[in-house]
Amino acid sequence: MGSARETAVLTLAACERQRAWSDGYLKKTIRGQGLDRRDAALATKLCYGVLQNKLLLDWHISLFCNTKLSKLDIKVLCSLRVAVYQLLFLDKIPARAAVNEAVELAKKHCRNPKAAGMVNGILRAMLRQGEFPAPPIGDKLEDLSLRYSHPQWIVEEFQAMLGADEVEALLEANNQQPPVTVQTNMLRAEPVDLVKILLSAGIEAELHPWMPGCLLLSGTGDLEQLKAFQDGLFYVQDVAARLAVSVAEITPESRVLDCCAAPGGKSFAAAIDMGNHGEVVSCDIHLHKMRLIEAGRDRLGLSIIVPQIQSAMETRKEWLKGFDTVIADVPCSGLGIIRKKPDIRYKEPGPLNDLPRVQRAILSNCAQYVRPGGVLIYSTCTLLCRENEDVVKEFLGGHPQFCLEQFELPRFGIQPGWITFWPHIHETDGFFTAKLRRKG
């Protein structure tokens, strides 16, 4: 059986070396290491904490390391990051324990016999200095980038939209660990009853303060092992993503197309809103993602969901004007879900530049499937205007048969046809939703 710290180090090393995504690899490693719920929670805290603060941690390490950090064995560097994160941010873990395990992990996972001594020397020198120094305050953008470990290009993007005063609140929110947000399968349970079931299973659960049917969970461990999950009483989905379906006001017996459906959350929400009466066609281009949708459908008992392999950029003539509601949750930069996937912030910005072209193509193609009088939902999990409002504006300019339609949200009232959810304002994922009505 492995330890929480070793699990975190192995996950972080895979993120660096193999470009693995932290959330999926962490779950896999926790299972492989045989961690109990308590150690799994610590491994998650360590892994996410390092990713949320990596630039700052590296600044501290570089003060005491004579070697360029890029030259270090990746598992040694990750062991140092995990240890320094504990020393800086976790009061309940003794410094001696953090140092000793980092040294042991360096011995275990690095072939260089001097690695363990170097790790020990760096960490002991840090402890001898007493208080950790604060990074020097220079340029405002550089300061925010280092203190909140967001690459400077992201800070610049967010500041251009929010202004200098508000951008820090967003960066701080991105470095918070949000509760797990789940939606009740209203066909099988009532939210208040689900809370009781989860509490009896040792899970901290409460009703969301303003979103009907939504629960906030903590202390979950592996959700998939819970009987309530296996019985299909709930599924994992953020409030903002759920609202993207709610605003469409889908009714029973409708015909719905979810164009980029995997892993299936919006299809599940639509089928529940329809009382499992009608049809939801759920599309993706990968077979393994189809299997995810099928598994969720069967677990939740949502028989009206029909998964299909279909590119959102290729036209199906038999679908033209054939759906009451079309949901286009398009591929995006993902910069709205940094809270849950902190490693997204370290993506190279270059490959993201082509996304608006892809998004426009998907929206234009899938709009053909909306019947006259029907609804088209466009959504992303990013905060960038060029992937959100700008895409919708250009679409409307070329498709006069569509118009924005107002919708109402719990707590936040009437919206003018679109909304951007901000983590520091709405306490949700960063998310964009636009509701478009086809005239006629």
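## Accessibility of His277

A residue is called partly exposed when its relative accessible area falls between the limit for buried, under 20%, and the limit for exposed, over 50%. His277, in this predicted model, has a relative accessibility of 44% and therefore counts as partly exposed. The residue is located in the loop that joins α14 to β6 (278-284).

Beyond the neighbours within four places in sequence, His277 makes contact with Pro252, Glu253, Ser254 and Ile304. In the case of Ile304, the C-alpha to C-alpha distance is 6.6 Å, although 27 residues separate His277 and Ile304 in sequence.

## Overall architecture

The protein chain contains 18 helices and 14 strands. Its radius of gyration is 23 Å, close to the 22 Å that the globule rule gives for 440 residues, so the chain is as compact as a globular protein of that length. The C-alpha trace spans about 75 × 50 × 40 Å along the principal axes of the chain.

Buried residues make up 55% of the 440 residues of the protein chain. Among contacts with a separation of 6 or more, 72% are made by residues 24 or more positions apart.

## Packing of helices α5 and α7

Helix α5 comprises residues 74-89 and helix α7 comprises residues 115-128; their axes come within 11 Å and cross at roughly 20°. Because this angle lies under the limit of 35 degrees, α5 is roughly parallel to α7. The crossing of α5 and α7 is right-handed.

On the side of α5, the contact is made by Val76, Leu80, Ala83, Val84 and Leu87. Helix α7 contributes Ala115, Met118, Val119, Ile122, Leu123, Met126 and Leu127. By class, the residues of the contact of α5 with α7 comprise 12 nonpolar, no polar and no charged.

Helix α14 (residues 265-273) is mostly covered, with 8 of its 9 residues buried. The buried residues of α14 are Gly265, Lys266, Ser267, Phe268, Ala269, Ala270, Ala271 and Ile272.

The loop between β5 (254-258) and α14 holds Pro263. The peptide bond from Ala262 to Pro263 is cis, and its omega is near 5°. On the other flank, α14 is followed by Gly275, which has a positive phi, near 65°. The loop from α14 to β6 also contains His277, the partly exposed residue described above.

Lys321 is a residue other than glycine with a positive phi, near 50°. This lysine is situated in the loop between β7 (305-309) and β8 (323-329). With a relative accessible area of 48%, Lys321 is partly exposed.

Arg411 is likewise a residue other than glycine with a positive phi, in this case near 70°. The loop that carries Arg411 runs between β11 (407-409) and β12 (413-415). Arg411 has a relative accessible area of 61% and is therefore exposed, since the limit for that class is over 50%.

Methods: Residues numbered from 1 in each chain as written. Predicted model: local features only at pLDDT ≥ 70, side-chain atom pairs only at ≥ 80, totals over all residues. Heavy atoms only, no water. Axes fitted to C-alpha atoms, helices over the stretch in contact; angles between N-to-C directions. Helix = DSSP H or I, 4+ residues; strand = E, 2+ residues; numbered from the N terminus. Parallel < 35°, antiparallel > 145°, perpendicular 65-115°, else oblique. Left-handed = near helix turned anticlockwise from the far one by under 90°. Contact = heavy atoms within 4.5 Å. Nonpolar A, V, L, I, M, F, W, Y, C, P; charged D, E, K, R; others polar. Buried < 20%, exposed > 50% of the residue type's maximum accessible area, 1.4 Å probe, protein only. Rg over C-alpha atoms; globule rule 2.2 N^0.38 Å.
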